[in-house]
Amino acid sequence: MKKSEKYTVWFFQLIAAIIFVAVGIMKFKGGPDDVMIFETLGMEPTGRYLIGTIEIIAGLLLLTDAMAAKGAFLGIGVMFGAIIAHSTILGHTINNDGGMHIIMLSVVLISCIIVAYIRRDQLPFIGHVMR
């Protein structure tokens, strides 16, 4: 990996990791927006705790060189699920947030896609095929 590529991938890893860990912790605290979202989805509280745990794990994996691609891949799955939930059931605004929720989901999804692509060699069954 070239030096410029390493800085780029770490930039996107940090963006996704910071958001994942912060949002995962907020899910455990049970903020009103999180509770409302998961009640609407019929997943409160178990789903909130499960998704919060997965987000924290993905964030921590993104903070390591060896596991960053796996964290990004996990994050892509969580973000696709969240975007589908917002597109079908929840809507694009949560408590009149002006769409900030969906914007943050998109930023994290794009960051994870970039990390997974740059570090694709670390992904089993995918990395060796994409080169």
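**The salt bridges and their surroundings**

Modeller: The side chains of Arg-119 and Asp-65 meet in a salt bridge, with 2.7 Å from N to O; the term stands for a side-chain nitrogen of Lys or Arg within 4 Å of a carboxyl oxygen of Asp or Glu. This pair links distant parts of the chain, since Arg-119 sits in the loop between helix H5 (100–118) and helix H6 (127–130) while Asp-65 sits in the loop between H3 and helix H4 (68–90), 54 residues apart. Helices here are DSSP runs of H or I with at least four residues, numbered from the N terminus. Salt bridges with shared partners join Lys-6, Asp-65 and Arg-119 into one network.

Before going on, please note that this is a predicted model, in which local features need pLDDT of at least 70 and side-chain atom pairs count only at pLDDT 80 or more, whereas totals for chains, interfaces and linings use all residues. Residues are numbered from 1 along each chain as its sequence is written, and side-chain values use heavy atoms, with hydrogens and water left out.

Arg-119 is buried, at 5% relative accessibility, whereas Asp-65 is partly exposed at 35%; buried means under 20% relative accessible area, exposed over 50%, and partly exposed in between, with a 1.4 Å probe and protein chains only. Leaving aside residues up to four places away in sequence, Arg-119 touches Met-1, Val-9, Trp-10, Gln-13, Asp-65, Ala-68 and Ala-69, where a contact means heavy atoms within 4.5 Å.

By the salt-bridge rule the count comes to four. Another of them joins the side chains of Glu-55 and Lys-27, at 3.2 Å from N to O. Glu-55 lies in helix H3 (residues 46–61) and Lys-27 in helix H1 (residues 3–29), so this pair ties together parts that are 28 residues apart in sequence. Both Glu-55 and Lys-27 are buried.

A further salt bridge brings together the side chains of Glu-44 and Arg-48, with 2.7 Å from N to O. As a general point, side chains of opposite charge can pair when their charged atoms come close.

Conventions. Helices (H or I, at least four residues) and strands (E, at least two) are DSSP runs, numbered from the N terminus.
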